[in-house]
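Subject: Structure handover

Hello,

Here is the structure for you to look over. My notes follow below it.

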Amino acid sequence: MNKISGFLKRNLKIIIIFMVILFLGTIMLYWEGINVLLKYNYYAIDGPEGIETFWIVVGNVFGFQTAYSIYSGFRVHVFWIVAIFAAFIYLSRKNGIIKYNIGRNKEFLKECWKKRFKYALIPAIHYVCMIIIIAIVASILGNNMNYNFNYTIREDNILYIFRDNKLILFIVEQSFSILTSYILAILAILFLEAFGKFMGIISYFGIFFIASLITGIIESIFKLGIGTYAFLPTYYFAYSSHDAFDIHLLYPIPLTIVLILWLNNIIKNKELNQ
């Protein structure tokens, strides 16, 4: 209990901000459903048929598939906010690492990486929390946990053996989203650490915009047929387990590695020269 109490005291502000972001995301998610309930004609709830109709409406607007589809539409935008939030937390805690190591040395650089990996988990945790909220609300309101999305599995897909198990396909799909959240959060931390908070944010979004343009030009010239974002780390956000479980998954790795090495080198030189 003492450890938990100490953790809560040390991270109270972070937890409060995280919960506020989670709450606002939930309001955005169910805003349409809340409006349906506010405008619903409750005088029509007369007898068993009226009550049944009401719960059918509630089950539809708060059902898992409906809520997840809405969340999929804005989850990327929420992610950027949470990723920048995680980067700000890391930067605010970095001074403590310096004091602990009494300066900037190899041990300091190792500790920095440990902290980066730690705080990069925040967007992934946020994503998992949103999926859990969607599942809980869907279970309570009408017990509508329908996750039978329209997956179409090709026979050459390694997941073809699970073609009838929509839950496994859904879990695989979410695993890629969680992994993407983690990788992009690490990049967000590195960008802000390398270029400062303001320029880091500009550079973070700018590099992906420029990379999108370049990959789009390459796509239009060579007609590769693999999509504009196939080489970007953000590709996994658009990935669905039924699309392709093949070499396409390797395309974003080179650029991701290059970005991490480049940013790490800038940070290393910057820290050791101070």
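The largest nonpolar core has 56 residues. Leu-29, Tyr-30, Tyr-71, Ile-122 and Tyr-204 make the most contacts inside this core. Eight named helices each supply at least two of its residues: α2, α3 (47-61), α4 (64-101), α5 (106-119), α6, α7 (166-195), α8 (197-222) and α10 (253-272). The largest share, 17 residues, is from α4. Apart from this core lies another one, of seven residues, including Ile-153, Val-172, Phe-176 and Leu-249. As general background, nonpolar side chains in soluble globular proteins tend to be buried together.

Please keep in mind that this is a predicted model.

**Overall make-up**

The protein has ten helices and zero strands. From the N terminus, the order is therefore simply α-α-α-α-α-α-α-α-α-α. Of its 274 residues, 41% count as buried. The accessible surface is about 15800 Å². Carbon and sulfur atoms account for 68% of that surface. Take the contacts between residues at least 6 apart in sequence: 70% of these join residues at least 24 apart.

**Tyr-204**

Which residues does Tyr-204 touch, leaving aside neighbours within four places in sequence? The list is Phe-79, Trp-80, Ile-84, Leu-184, Leu-187, Ala-188 and Phe-191. Tyr-204 is also among the core residues with the most contacts inside the 56-residue core.

**Helix α6**

Helix α6 covers residues 121-140. At 1.5 Å a residue, its 20 residues should span 28 Å. The buried residues of α6 are Ile-122, Pro-123, Ala-124, His-126, Tyr-127, Met-130, Ile-131, Ile-133, Ile-134, Val-137 and Ala-138.

**Gln-174**

Is Gln-174 buried or exposed? Gln-174 is found in helix α7. Its relative accessibility is 6%, so Gln-174 counts as buried. Leaving aside neighbours within four places in sequence, Gln-174 is in contact with Tyr-68, Arg-75, Tyr-127 and Ile-131. Tyr-127 and Ile-131 are both on the list of buried residues of α6.

Leu-12, Ile-16, Val-20, Phe-23 and Leu-24 make a nonpolar surface patch of about 480 Å². Leu-12 is in helix α2, which runs over residues 12-39. Leu-12 has 48% relative accessibility, so this residue counts as partly exposed. The cut-off for exposed is over 50%.

Best wishes

Definitions and conventions:
Residues numbered from 1 in each chain as written. Predicted model: local features only at pLDDT ≥ 70, side-chain atom pairs only at ≥ 80, totals over all residues. Heavy atoms only, no water. Patch = residues over 30% accessible without salt bridge, like charges linked within 9 Å, V, L, I, M, F, W, Y side chains within 5 Å. Areas by Shrake-Rupley, 256 points an atom, 1.4 Å probe, with all protein chains shown as cover. Salt bridge = Lys/Arg side-chain N within 4 Å of Asp/Glu carboxyl O. Helix = DSSP H or I, 4+ residues; strand = E, 2+ residues; numbered from the N terminus. Buried < 20%, exposed > 50% of the residue type's maximum accessible area, 1.4 Å probe, protein only. Expected span 1.5 Å × (residues − 1). Contact = heavy atoms within 4.5 Å. Core = buried A, V, L, I, M, F, W, Y, C linked by side-chain atoms within 4.5 Å.
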